[in-house]
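Keep the sequence and the 3D view open while reading.

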Amino acid sequence: TIRSLAVNDGICMDISRLGGTELLVTAMVKHIEHVRLCQHACVALKMISNNDANKALLSANGGIKVVLMALGTHTDHVGMQNQGLAALSSMTLRQPKNCLAIAEMHGINTVVNAMQRHPSGGNVQRSACLLLRNLVSRNQELVEPIVESGAGELIQLARETHRACDDVAFSALRDLGLGGQYKDARSAANN
């Protein structure tokens, strides 16, 4: 599978050079109603986007748009939500243009919706926190719409509910200007 193959930068580039990104996007568009196909395609897109050049290519080829479509189509499927958010998180790392594209396509609402619908899904919450942090790390203009969406409360809840979210939620809260203390500092303050 692509997940097994996409282990280094060169292989990720080869997959794209051979048409892998276009193939995945086309398959998702054509079969958007098939949740398992979309979920597995998102895993592959996430792996391929470990390469920065592929992140820009995926945006240009409609990768961001189709992942957001899949997230909107399969809102109740926790696995799809996790993998879709994880793919977008990977596509936005060090990619301010991709972050703006997600915001322009109403992706902030999609992330908030996933967090609201799946509060017990630790992986969904972690992927959402990573994505929200990536959106603002190089695009401060996105802080206000993210905060206004209510994401801050959801990030804090994820941090308190899921141990695996602590580090990424802390970073997201910090970058959103919503404070955030390390758990050790919070524990010390409560004693």
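Ile155 has 0% relative accessibility and therefore counts as buried (under 20% relative accessible area; exposed is over 50%, partly exposed in between, with a 1.4 Å probe and protein chains only). The model is predicted, so local features need pLDDT of at least 70 and side-chain atom pairs pLDDT 80 or more, while totals for chains, interfaces and linings use all residues. Residues are numbered from 1 along each chain as its sequence is written, and side-chain values use heavy atoms, without hydrogens and water.

Ile155 lies in helix 12 (residues 151-161); helices are DSSP runs of H or I with at least four residues, numbered from the N terminus. The largest nonpolar core has 52 residues, and Ile155 and Met115 are among those with the most contacts inside it. Such a core is a set of buried Ala, Val, Leu, Ile, Met, Phe, Trp, Tyr and Cys residues joined through side-chain atoms within 4.5 Å.

| Residue | Contacts |
|---|---|
| Ile155 | Met115, Cys129, Leu132, Ala169, Ala172, Leu173, Leu176 |
| Met115 | Gln125, Ala128, Cys129, Leu132, Leu154, Ile155, Ala158 |

The helix pair comes next. The axes (lines fitted to C-alpha atoms over the stretch in contact, with angles from 0 to 180 degrees between N-to-C directions) of helix 7 (residues 78-92) and helix 10 (residues 122-137) come within 8 Å and cross at roughly 25 degrees. The two helices are therefore roughly parallel, a term for angles under 35 degrees.

Terms used. Angles under 35 degrees count as roughly parallel, over 145 as roughly antiparallel, 65 to 115 as roughly perpendicular and the rest as oblique. Contact means heavy atoms within 4.5 Å. Lists of a residue's contacts leave out its neighbours within four places in sequence.
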